[in-house]
Structure formats: structure tokens, C-alpha cells
Amino acid sequence: MKSLKVGIVGTGYAAKKRAEAILADKRAKLVYVTGNSPEKIQDFCLNFPVTGIDSWQQLVNREELDLIFVCTINRDHGAIAGAALESSKHVVVEYPLALDFAEAAAIIPLAARTNKLLHVEHIELIGGLHQAMKQYLSDIGNVFYARYITIAPQREVHPSWKYHREMFGFPLAAALSRIHRLTDLFGKVETVTCRDRYWDIPNTDYFKSCLCNAQLHFCNGIIADIIYGKGDVFWHGNRTFEIHGDKGTLIFEGQKGTLIRDKERIEIPVVSRRGLFTKDTKMVLDYLTDNIPLYVEPEASLYALRVAEKARQASETGQVIKVITNE
Ligand code: NAP
Ligand code: BLA
């Protein structure tokens, strides 16, 4: 069987993981890569057997390519994914599909029109923590409250896209997995409130820290808090996901999971976060070669993005914002 010819946009962590996975799989062949700085493109080509190209506009129009991985900064996802679909390529894009909801919503029909795959990666769904949450959810009775905190202290913040308003985007659209984990578990959202705060680097679009705190009110009555923070104002990291039910509580702190019921405290093993890009890449190739369904549809990602957009509106206005699903 002919192997799928692959191009990658990006040279960072996600791009490297994709390249490793493609090189290890006979069903695909890594052909081209492009990125931001010429030095990083060159480094990438020294580390992997691949040809460098100057720009993503050139890469997405290469006749011979079948499949494009979009692994660059959030600001550019929508434009690149859209152009690649227009050029009749299968597209895999790291979340978010686009930072803007309307832009993302316009890309999904392009895939149907060209009869190509559009896969928005959501590795958090195939990770150990989420799988364990799903497995044990029925052990805690009726869920009424959830809280997901990710705080990442950084001692010296250098200007980078992850600390830039436009390139990173609104934190809950950028770090979309925070909302997506919750919508995957609890369904549709009725209303959202949110507050955010930035510690800006004066006279630039860069910041040194940010904090974003949203509360989602689900249609089934569940309340969920999302707390996202990073940067040099934080002195203690925290990655805690807890779900409270009327029969018990599930708490995951880092990789350590516990189910608490009556006097019981049951330890829940969680497999490591490593290997998820490899798993995602394999599932994409399973789909393209054997039609095996993928684990997530772009519409689910788009819904999370809608909630993120409403959270952004809530933080701008200080109001409770309705998430209307039939807009
Ligand atoms: P990364 O390691 O920082 O790589 C970022 C890439 O974007 C590099 O190729 C970098 O090139 C390029 N870039 C930086 N600034 C740019 C600019 N101003 N204009 C154009 N390109 C620029 O980031 P990453 O972790 O691979 O993340 C890539 C994407 O994957 C992001 O959308 C992220 O949200 C998503 N994602 C990542 C993970 C993860 O585990 N890392 C998980 C889920 C989703 P230079 O170095 O040459 O500047
Ligand atoms: C998500 N990780 C992300 C994202 C970025 C990074 C930019 C997307 C935005 C977000 O959801 O926050 C970047 N993650 C990093 C960096 C480190 C890190 C620079 O852990 C530095 C160590 N990602 C990795 C590594 C692992 C990893 C080394 O770079 C695991 C060993 C996993 N990152 C990982 C997972 C997600 C993610 C599983 C999905 C988010 C989630 O779990 O909710």
C-alpha cells in the first residue's frame, strides 16, 4: 500500500513528537517541514530525515502531500488548517482549531466539502487522568461539583508566544483542554462567569503571568470551577482535578488519584502523560488507512471553543453569560 506523504508546520515539542511517530509508522512518510525561524527548521532537518520549506503557504500547496500536521502557535492554526483543507489535504491540528469561535466554525464545513479528514487533537481525552475519571465516575453517585486547577509557576519568564496576548490567545481558548475535559464529562453548559488578570510587560503585548478563573454551570446542574494560572507571580505549582458526588469524591493531584467513599480511600493508578502524541498520530493513521473511527470529532472541540468564547465575554463584561447552543 502507498504510504501517506506528510508535511509538518512547526518545529517545537508537538512537531517533534509528531515526526517521531510518523517515522516509526510504515503507513506514513515524513516529507516536508516548515517553521518560524530558519535555524529551527534547519535543526529539525538535521534531527529528522525531512526537507525544510520556507513558509507554511508553500508547504500546504505542495502537490505530493496528503496529510498536514499543524503544530505551530495558536494564532496561526485557523489560517493554516483552512488553507490546507482548501488545498485538498487531510489536516491534523493541535488544539485549538482557531482562537476565534467563528473562524473555527467556518473551517469544519471545508473538510466535508473536500471530503478530507479534519482532526483536532485533544490528547487530554486519551490520557490516563481522563480515562481514570471516566472509569470511576459512576462510583461517586450524583455529581454536583468539579474543580480543575492548573497552576504552573515559572521563575524567569522570557518573551515567548505562550506569554503573548495574540499568539497564545485567551487562556481558556488556548488551553482548551481545561474546558473540553469538563464538557466531555458533563455535557452542555448553560451559563458561564469568568475573571482574568494579566501581569503585562509594559509597552508590549507580552505578559509575565496570567490568571483565569471561570465557573461553568452545566445544564444538568453541575457547577465546575476552572482555574488556570502561569508565570512568575506563582510560587507553588498545582494540578488538581476533583469531582464531588453525593456518594464520594474523586481527587487527582498530579499523577496521584484517590477515590474517597465513607471511610475508604482507594488509590487509583494513573498512567503517565508521555506517549500521547504518538497514540494520537497512530489513531489518525488507523482512520486514514482502515477507517477506524477517531476518539473525538471537531464539533466537540468547537463546542468547547464556544464555551471559551463565552468565558472571554464574561471576563470582559463581568456578567453572567448564557451559552446558547442553537445559535
Ligand atoms: P513550542 O515547542 O513552543 O513550539 C512552537 C512552534 O511555533 C515552533 O516551531 C516555533 O518556532 C513556532 N513559533 C514561535 N513563535 C512564533 C511566531 N511568532 N510566529 C510563528 N511561529 C512561531 O510549542 P508546542 O508545545 O509544540 O505547541 C505547539 C501547538 O501545540 C500549540 O498550539 C499548543 O497549544 C499545541 N499543544 C501542545 C501540547 C504539548 O504538550 N506541548 C499539547 C496540546 C496542544 P521558533 O522556535 O523558530 O520560534
Ligand atoms: C498541553 N502542554 C500543553 C500545551 C502546551 C504545553 C503549550 C497546550 C496548552 C495547554 O493546554 O496548556 C507545553 N507542557 C508544555 C511544556 C511542558 C509541558 C513546555 O509539560 C514542559 C515540561 N506536554 C509536554 C510534556 C508532556 C506534555 C513534556 O510538553 C508530558 C510529559 C503533556 N501537555 C501534555 C498534555 C497536555 C499538554 C497531556 C494536554 C493538557 C491536559 O492534560 O489537560
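At what angle do the axes of helix H7 and H10 cross, and within what distance do they come? In this predicted model, the axes of H7 (residues 128-136) and H10 come within 11 Å and cross at roughly 25°. Local features need pLDDT of at least 70, side-chain atom pairs count only at pLDDT 80 or more, and totals for chains, interfaces and linings use all residues. Residues are numbered from 1 along each chain as its sequence is written, ligands are numbered from 1 in the order in which they are written, and side-chain values use heavy atoms, without hydrogens and water.

**Helix pair**
- H7 and H10 are therefore roughly parallel to each other (angles under 35 degrees count as such).
- Helices are DSSP runs (H or I, at least four residues), numbered from the N terminus.
- Axes are lines fitted to C-alpha atoms over the stretch in contact, with angles from 0 to 180 degrees between N-to-C directions.

**Contacts of ligand 2**
- Ligand 2 is surrounded by 13 residues, the closest being Tyr 95, Ser 177, Arg 178, Arg 181 and Arg 273 (a heavy atom within 4 Å).
- Polar side-chain atoms lie 2.6 Å from an oxygen atom of ligand 2 in Tyr 95 and 2.6 Å from one in Arg 181.
- For Ser 177, a side-chain N or O atom is 2.7 Å from a ligand 2 oxygen atom (polar contacts are N or O pairs within 3.5 Å).

**Shell around ligand 2**
- Helix H6 (123-126) and helix H10 (177-186) are the elements giving two or more residues to this shell.
- H10 supplies the largest share, 3 residues.

Terms used
A polar contact is a pair of N or O atoms within 3.5 Å; within protein, one must be able to donate a hydrogen and the other to accept it, and residues adjacent in sequence count only if both atoms are side-chain atoms. Angles under 35 degrees count as roughly parallel, over 145 as roughly antiparallel, 65 to 115 as roughly perpendicular and the rest as oblique.
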